[in-house]
Amino acid sequence: MKIALIAHDGKKADMVHFLSGFREQLNHSDIELVATGTTGSHIEKAGFNVQRLLSGPLGGDAQIASMAAQKELAMVIFFRDPLDKHPHEPDVQMLMRICDVHNIPLATNPAAAGLMFQQLTTRLKS
């Protein structure tokens with residue numbers, strides 16, 4: 001099961017904090033984490049194994065969208081900063097559209113991601 005992780009600059013600390021609350025579940029051998037470049041470096045520093053792709057503005061969002069289109073992802077967690085402008089907003093919109101087209105669960109905030117991870121925990125226990 002592959003989970004994609006992305007966080008805008010103002011949300012990277014939130015992403016690491018969120019993941020830390022699910023450390024035991026994420027250490028499960030069936031879970032593979034993949035993240036955009038800078039987000040991935042923050043996640044690595046927190047002690048998680050993660051495959052790092054390009055930075056979001058340099059194509060990382062598009063790489064994750066490609067994985068979603070090929071149905072390689074179980075879910076996408078994208079902590080967006082709705083109060084800031086982002087030069088790669090067209091890539092963000094494309095990623096969200098691809099997730100909708102291919103029915104890939106997408107959480108854009110910790111509350112939604114928490115619900116998705118609770119379901120993941122239930123699935124891993126069975």
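User: What percentage of the 126 residues in the chain do buried residues make up?

Analyst: Buried means under 20% relative accessible area, while exposed means over 50% and partly exposed lies in between, with a 1.4 Å probe and protein chains only; by that rule, buried residues make up 45% of the 126 residues in this chain. The model is predicted, so local features need pLDDT of at least 70 and side-chain atom pairs count only at pLDDT 80 or more, whereas totals for chains, interfaces and linings use all residues. Residues are numbered from 1 along each chain as its sequence is written, and side-chain values use heavy atoms, leaving out hydrogens and water.

User: How many helices and strands are there in the chain?

Analyst: Helices (H or I, at least four residues) and strands (E, at least two) are DSSP runs, numbered from the N terminus; here there are 6 helices and 5 strands, and along the sequence they follow the pattern β-α-α-β-α-β-α-β-α-β-α.

User: Is strand β4 buried or exposed?

Analyst: Strand β4, residues 75-79, is mostly covered, with 5 of its 5 residues buried. On one side these are M75, I77 and F79, and on the other V76 and F78, so that both faces are covered.

User: Which strands pair with β4?

Analyst: Two strands pair if DSSP finds at least two bridges between them. Strand β1 (residues 2-7) runs parallel to β4 and is joined to it by 5 bridges, with F79 in β4 as the bridge partner of A7. Strand β5 (residues 106-107) also pairs with β4 in the parallel sense, over 2 bridges, and L106 in β5 is the bridge partner of V76.
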